[in-house]
Amino acid sequence: MMSLRGIRGAVTANEDTPEAILGATRRLLEAILAENRSLRPEDMASVFFTVTDDLHAAYPAQAGREIGWHTVPMMCSREIPVPGGLERCIRVMILWNTELSQQDVHPVYLDEAARLRP
């Protein structure tokens with residue numbers, strides 16, 4: 001039976017430039033695809049990106065389009081500015097129609113964002 005599952009992930013960008021934001025986001029999305037091998041764009045219901053207040057040079061969704069996710073609905077927004085929160089962080093939530101159980105869906109946290117998931 002097909003269910004809607006969420007795949008979470010996060011990465012940090014080295015600086016607030018389009019190259020750094022898009023490069024980090026591409027690495028994150030490619031790592032998510034590698035960890036969840038049956039994930040295909042046609043099975044994605046939507047993808048939500050958030051960025052911290054210190055990132056505003058590019059939309060992370062552009063990286064999704066650059067890897068071929070042209071028909072996937074994507075949206076970007078700001079992360080809640082929690083005091084002491086991780087800086088230059090890009091987070092993603094992919095909503096995926098799949099037959100896998102939630103336990104078989106693998107989140108990915110890269111670079112400084114790895115500390116968000118013990």
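**Ground rules.** I worked on a predicted model, taking local features at pLDDT of at least 70 and side-chain atom pairs only at pLDDT 80 or more, while totals for chains, interfaces and linings use all residues. Residues are numbered from 1 along each chain as its sequence is written, and side-chain values use heavy atoms, with hydrogens and water left out.

**Sheet.** I looked up the strand order first. The sheet is open, has 5 strands in the order β3-β2-β4-β1-β5, and its pairing is mixed. Strands β3 and β5 are the edges, each pairing on one side only. I took helices (H or I, at least four residues) and strands (E, at least two) as DSSP runs numbered from the N terminus, and two strands as paired if DSSP finds at least two bridges between them.

**Around β1.** Strand β1 (residues 3-12) runs antiparallel to β4 (residues 89-98), and 10 bridges join them. With β5 (residues 108-109), β1 runs parallel, through 2 bridges. I then checked G9, which stands opposite V92 in β4 and opposite V108 in β5. For A10, I found R91 of β4 opposite.

**Cores.** A nonpolar core here is a set of buried Ala, Val, Leu, Ile, Met, Phe, Trp, Tyr and Cys residues joined through side-chain atoms within 4.5 Å. The largest holds 28 residues, and I32, V47, I90, V92 and I94 touch the most other members. I noted that β1, α1 (18-35), β2, α2 and β4 each supply at least two residues of this core. Helix α1 gives the largest share, 7 residues. Another core, of 5 residues, lies apart from it, with L86, C89, Y109 and A113 among them.

**T52.** Is T52 buried or exposed? It is buried, because its relative accessible area is 11%; the classes are buried under 20%, exposed over 50% and partly exposed in between, with a 1.4 Å probe and protein chains only. T52 sits in the loop between β2 (44-51) and α2 (61-66). Not counting residues up to four places away in sequence, T52 touches R78, E79, L86, E87, R88, C89 and R91.

**Positive phi.** R88 has a positive phi of about 50°, and lies in the loop between β3 (74-78) and β4. R88 counts as partly exposed because its relative accessibility is 31%. For D111, phi is near 55°, and the residue lies in the segment after β5. D111 is also partly exposed, at 40% relative accessibility.

Notes:
Contact means heavy atoms within 4.5 Å.
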